[in-house]
Amino acid sequence: MNLEAFVLGCGGMMPLPNRHLTSVLLRREGELFLFDCGEGTQVSLRRLNLRWKKISVIFISHTHADHVTGIPGLLMLSSQVDRDDPLYIIGPPKIAEYIESSRRVLDMYINYEIIVKEITSPGIIYKGDGFHVRCFPLSHTKPCYGYTLEEEARPGEFFPQKAQELNIPVGKLWGKLQKGETVQTEDGRTIKPEDVMGNPRMGRKFSFVTDSLASPEISTHVMGSDLFICEGMFSKDLIQDAHAKKHMTAYEAAKIAASSPGVKKLALIHYSPRYTEYELKNLLKEAQEVFPDTVLTRDRMIFPIEYPD
């Protein structure tokens, strides 16, 4: 089952010619999930030829303009295609007010169901087939949340030889065992999945954190992430400015990754517009001093997320 992350925008505060505002799309076997929706999101969706009508849920970190200004256009665009499924929008308080006021003031034509859910407490906020999305609070100038998408463990490897040794006939019983079900043979024996299967295999984990002071609590939530996308808005020399605005530096993002067991890759995002493309290399260097497997995201960069085993 494929799992891929598409960076639709990597910038913060204001869009630049080659840096749209923060937005990341996660595709899991054809189902799409959008994390934040900054200005320019539609442009990257079109350039990557992604089918926006397949977006199931939009998860919003907070209601600052550079994270939500792409939503109205996306809602209106979705009315131009045949959409049968509802669109969920999940975010902090006031996201419902923003959606409703945008629809009213812009007199939007919407021909599908929009379901807006405001987060009232951290924890699991969305469940799908074999996975769930969890939110956790961040420390910013207004209510803000980070997100993780975590897959459930997969059944272990099936060993046909063991099934044959137990005289289990090939067919439906093999299929049920591979799905983790206990079966009964015609001669009355009970066969458990562990009799013919290896240990359960881990699923994958994606984490998204932006606009927050660094804190040890973040590490507890993002541990085990195959891909950890985190803001790296400032360089170390501007740490006081970062903290005054309740942001973190690239160096601090790397410290979080380094202190989170099992994080495989850190992808920095949400850069201050003060940095040129060349100057961003300094942020990368500072982060890699702490967490070597760090990359700078760029608009329309794609990250395949592979199974660990």
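Predicted model: local features only at pLDDT ≥ 70, side-chain atom pairs only at ≥ 80, totals over all residues.
Which residues do ring pairs link into a cluster?

**View 1. Aromatic rings gather in a cluster.** Ring pairs link Phe33, Phe35, Phe59, Tyr88, Tyr126, Phe131, Tyr147, Phe206 and Phe208.

**View 2. Seven strands make up an open sheet.** Reading across the sheet, the order is E6-E5-E4-E3-E2-E1-E16, and the pairing is mixed. At the edges are strand E6 (114-118) and strand E16 (302-304), each of which pairs on one side only. From one strand to the next, the twist averages 20 degrees. Helix H4 (residues 95-105) packs on this sheet, where it touches strand E5 (87-91) and E6. The direction of H4 makes about 150 degrees with that of E6.

**View 3. Strands E1 and E2 pair in the antiparallel sense.** Here we look at two strands of the sheet, E1 and E2. Strand E1 covers residues 3-9, and six bridges join this strand to E2. To get your bearings, look for Phe6, which stands opposite Leu25 in E2.

**View 4. Arg28 is a buried residue of strand E2.** Strand E2 spans residues 23-28, and Arg28 is found in it. Is Arg28 buried or exposed? Its relative accessibility is 9%, and buried means under 20%, so Arg28 counts as buried. The side chain of Arg28 makes a polar contact of 2.9 Å with the side chain of Glu151. Leaving aside residues up to four places away in sequence, Arg28 touches Met1, Asn2, Leu3, Phe33, Asp129, Gly130, Phe131 and Glu151.

**View 5. Helix H3 is largely enclosed by the rest of the structure.** Why can we say this about H3? The helix runs over residues 71-78, and seven of its eight residues are buried, so the rest of the structure largely encloses it. The buried residues are Ile71, Pro72, Gly73, Leu74, Leu75, Leu77 and Ser78.

**View 6. Charged side chains sit over tyrosine rings.** Arg83 lies over the face of Tyr112, at 5.4 Å from the ring centre. How far is the charged end of Lys236 from the centre of the ring of Tyr251? That distance is 4.5 Å, with the charged end of Lys236 sitting over the ring.

Conventions: Residues numbered from 1 in each chain as written. Heavy atoms only, no water. Helix = DSSP H or I, 4+ residues; strand = E, 2+ residues; numbered from the N terminus. Buried < 20%, exposed > 50% of the residue type's maximum accessible area, 1.4 Å probe, protein only. Polar contact = N/O pair within 3.5 Å; in protein donor to acceptor, adjacent residues only side chain to side chain. Contact = heavy atoms within 4.5 Å. Pairing = 2+ DSSP bridges. Axes fitted to C-alpha atoms, helices over the stretch in contact; angles between N-to-C directions. Phe/Tyr/Trp six-rings, centres within 6.5 Å; stacked < 30°, edge-to-face > 60°. Lys NZ or Arg CZ within 6 Å of the ring centre and 35° of its normal.
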